[in-house]
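These are my notebook entries on a single model. I set down what I looked up, topic by topic.

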Amino acid sequence: KVHDSATMEFMVGFYAEWLKSGDKIKAFDLARQTVRAKYKLPYYWGAFILLIEKSSGFSIKFDEHIISV
């Protein structure tokens, strides 16, 4: 379960930056930083991850880490 307001702010920030820059990782990082600045507890932002499809599989981005699977 995620917080409605934090989720809305994250998604609006993510898509606005992605459409502007075309960079999903940059958009994810900026949206996460913005939500973390307002909502200090991980309850509000900890559930957000970014899955990136690559020819060799998937990469998962969360916090400052990228894991390839």
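The entries below cover the core, the aromatic rings, the salt bridges and the surface.

**Basis.** I worked from a predicted model, in which local features need pLDDT of at least 70 and side-chain atom pairs count only at pLDDT 80 or more, while totals for chains, interfaces and linings use all residues. I numbered residues from 1 along each chain as its sequence is written, and the side-chain values use heavy atoms, with hydrogens and water left out.

**Core.** I looked up the largest nonpolar core and found twelve residues: A6, F10, F14, A27, F28, A31, V35, Y39, W45, F48, L50 and I52. Such a core is a set of buried Ala, Val, Leu, Ile, Met, Phe, Trp, Tyr and Cys residues joined through side-chain atoms within 4.5 Å. For burial I used relative accessible area: buried is under 20%, exposed is over 50%, and partly exposed is in between (1.4 Å probe, protein chains only).

Which elements give two or more residues to this core? I noted helix 1 (4–21), helix 2 (24–38) and strand 1 (50–54). Helix 2 provides the largest share, four residues. Helices (H or I, at least four residues) and strands (E, at least two) are DSSP runs, numbered from the N terminus.

I then listed the contacts (heavy atoms within 4.5 Å) of F10. Leaving aside neighbours within four places in sequence, F10 touches F28, A31, R32, V35 and F48.

**Aromatic rings.** My search of the whole structure returned eight aromatic pairs. Rings of Phe, Tyr and Trp (its six-membered ring) pair if their centres lie within 6.5 Å; planes under 30 degrees apart count as stacked, over 60 as edge-to-face and the rest as tilted.

I recorded F10 and F28 as edge-to-face, because their centres are 5.7 Å apart and their planes stand at 80°. F10 belongs to helix 1 and F28 to helix 2, so this pair ties together parts 18 residues apart in sequence. Both F10 and F28 are buried.

I recorded F14 and W18 as a tilted pair, with 5.8 Å centre to centre and 35° between the planes. Both lie in helix 1, four residues apart, about one turn of the helix. F14 is buried at 7% relative accessibility, whereas W18 is partly exposed at 28%. Ring pairs join F10, F14, Y15, W18, F28 and F48 into a cluster.

**Salt bridges.** How many salt bridges does the structure hold? I counted four, taking a side-chain nitrogen of Lys or Arg within 4 Å of a carboxyl oxygen of Asp or Glu.

E17 bridges to K20, with the closest N and O atoms 3.3 Å apart, and to K26 at 3.5 Å. K20 and E17 are three residues apart in helix 1, so about one helical turn separates them. I noted E17 as buried at 6%, K20 as exposed at 67% and K26 as partly exposed at 44%.

D29 bridges to R32, also with closest N and O atoms 3.3 Å apart. These two are three residues apart in helix 2, about one helical turn. D29 is buried at 18% and R32 is buried at 3%.
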